[in-house]
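Let's take a friendly walk through a protein model, from its overall outline down to single residues. Please have a look at the picture first, and then read on.

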Amino acid sequence: AAKVYARAGKVEESIRLLTDLRRWEDAKMFARNAGQTDIIHLTVQQAKWLEEINDWKGSSELFVSLGQYQAAAKIIVDSKETGWEDALLEVVRACPADSSSTDTITFCGDSFSELEEISFAKEAYTKAKDITKLMALYAKRHMWKAAAALADENEGNFDVSIFLSYAEWLISEDRYEDAMQAYKKSKRLDLSCKVLQELTENAVAECRFKDAAYYY
């Protein structure tokens, strides 16, 4: 039937018939034979159909082949089926390393950040050059040594408020002087002074006058 339509000059009917039957490669062949070099719309239809039948992997691979990385990433994350992490990492690596893919790569990094293994999230944020997100990831996992090193390497290129979490953690560990330095890095001198005042008052109350003098 498709061949008859084509011979009658009704190639679009041939393609419609084949797409209705989900014979995607045949539909693309008829399109090419008719001189239609742009078969992207057929591939998009195929990808959407694969998504509908829960073939998330096949669908995402087609979207990647079209350069539609955001669509591929969303399908993979929505599925969260076995192997989704590796598939999503492939999307990150396929994305061009420029501003056009920043949002997609960051979206992938955010999805990875909930995993126990954070290396995928780190790779995504690094490729996106999103230092603030990477700092937040380190802070969330209490990887303060890595956070401090990253901060030294990228001073001025991230949201310094991230050090507030670091300072709070230091206080919980009774590392008050380090906490004051962290507050200073986050540009919250008021909080740093508050810690200093509390240390001084506690030292006086406990008759540790030498310590009080030092803090003062």
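This is a predicted model: local features need pLDDT of at least 70, side-chain atom pairs count only at pLDDT 80 or more; totals for chains, interfaces and linings use all residues.

Two residues are said to be in contact when they have heavy atoms within 4.5 Å of each other. Helices and strands are read from DSSP runs, numbered from the N terminus: a helix is a run of H or I with at least four residues, and a strand is a run of E with at least two. Residues are numbered from 1 along each chain as its sequence is written, and side-chain values use heavy atoms, with hydrogens and water left out.

Let's start with the whole protein. It has 15 helices and 0 strands. Its radius of gyration, taken over C-alpha atoms, is 28 Å, well over the 17 Å that the globule rule (2.2 Å times the number of residues to the power 0.38) gives for 216 residues, so the protein is more spread out than a compact globule. Along the principal axes, the C-alpha atoms fill a box of roughly 100 × 30 × 20 Å. Of the 216 residues, 40% count as buried; that word means under 20% relative accessible area, with exposed meaning over 50% and partly exposed lying in between (1.4 Å probe, protein chains only). Among contacts with a separation of 6 or more, 35% join residues 24 or more positions apart.

Now find two helices that pack together. How are two packed helices described? Axes here are lines fitted to C-alpha atoms, for helices over the stretch in contact, and angles run from 0 to 180 degrees between N-to-C directions. Helix α12 (residues 163-172) and helix α13 (residues 176-185) pack at about 170°, with axes 8 Å apart. Angles under 35 degrees count as roughly parallel, over 145 as roughly antiparallel, 65 to 115 as roughly perpendicular and the rest as oblique, and therefore α12 and α13 are roughly antiparallel to each other. On the α12 side, the contact is made by F163, L164, Y166, A167, E168, L170 and I171, which meet Y176, D178, A179, A182, Y183 and K185 of α13. These residues divide into 10 nonpolar, no polar and 3 charged. In this sorting, Ala, Val, Leu, Ile, Met, Phe, Trp, Tyr, Cys and Pro are nonpolar, Asp, Glu, Lys and Arg are charged, and the others, Gly among them, are polar.

A182 is in helix α13 and is buried, with a relative accessible area of 3%. Leaving out residues up to four places away in sequence, A182 touches F163, Y166, A167 and L170. Y166 is 16 residues from A182 in sequence, and their C-alpha atoms are 6.6 Å apart. M180 also has its place in helix α13 and counts as buried at 10% relative accessibility. What does M180 touch, not counting residues up to four places away in sequence? The list is S192, V195, L196 and L199.

Next, move to helix α6 (residues 69-79), whose buried residues are Y69, A72, A73, I75, I76, V77 and S79. Their cover includes α4 (40-52), α5 (56-65), α7 and α8 (102-112). In α7 (residues 84-94) you will find V92, which counts as buried at 1% relative accessibility. Apart from neighbours within four places in sequence, V92 is in contact with I105, C108, F112, A124 and K127. In α4 sits T43, buried at 7% relative accessibility.

Finally, look at some backbone angles. Most residues other than glycine have a negative phi. R22, although not a glycine, has a positive phi of about 60°. R22 is in the loop between α2 (11-20) and α3 (24-33) and is partly exposed, with a relative accessible area of 38%. C207 has a positive phi near 60°, lies in the loop between α14 (189-205) and α15 (209-215), and counts as exposed at 55% relative accessibility. Just after α6, K80 takes a positive phi of about 45°.
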